Amino acid sequence: MNISDIAFGTTDWQRIEATPHPGETGTAYWRTQHFGAIRVRMVEYTPGYLADHWCVKGHILLCLEGELHTELEDGRTFTLTPGMSYQVADNAEPHRSSTRSGAKLFIVD
């Protein structure tokens with residue numbers, strides 16, 4: 001990732017409108033900012049959320065609240081709790097997320 005041509009700034013995430021993204025079950029609410037080619041999101045998953053697709057986009061993801069379950073297409077599973085993160089490259093390992101209790105995430109992609 002090359003970060004260039006972005007002036008110093010701050011983001012009050014509560015002032016960014018949340019957009020709903022329904023999953024197979026539950027909903028993800030995204031608050032999104034773009035900085036050049038970099039997308040930064042604060043994402044909240046409702047309890048019972050299950051993604052409706054296998055994602056191939058690369059991310060750096062930090063779990064802020066709750067518990068996030070990530071399944072890779074090859075069957076491996078991982079659980080993130082607050083303070084844990086994962087990283088994956090574009091088109092590297094298809095993955096999908098779920099949560100029983102809900103989760104709040106900070107994602108850069």
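Thr27 lies in strand E2, which covers residues 27–35; helices (H or I, at least four residues) and strands (E, at least two) are DSSP runs numbered from the N terminus. This is a predicted model, in which local features need pLDDT of at least 70, side-chain atom pairs count only at pLDDT 80 or more, and totals for chains, interfaces and linings use all residues. Residues are numbered from 1 along each chain as its sequence is written, and side-chain values use heavy atoms, with hydrogens and water left out.

Buried means under 20% relative accessible area, exposed over 50%, and partly exposed in between (1.4 Å probe, protein chains only). Two residues that count as buried are tabulated here.

| Residue | Relative accessibility |
|---|---|
| Thr27 | 17% |
| Val88 | 15% |

Contact means heavy atoms within 4.5 Å. Not counting residues up to four places away in sequence, Thr27 touches Pro20, His21, Pro22, Glu44, Tyr45, Thr46 and Tyr49.

A nonpolar core is a set of buried Ala, Val, Leu, Ile, Met, Phe, Trp, Tyr and Cys residues joined through side-chain atoms within 4.5 Å. The largest one has 14 residues, and those with the most contacts inside it include Tyr45, Leu68 and Leu105. Strands E3 (38–45), E5 (59–66), E8 (85–88) and E10 (103–108) each supply at least two residues of this core. E10 gives the largest share, 3 residues. Apart from this core lies another of 6 residues, among them Ile16, Val40, Met42 and Val108.

Val88 is placed in strand E8. Beyond its neighbours within four places in sequence, Val88 is in contact with Lys57, Gly58, His59, Glu93 and His95.
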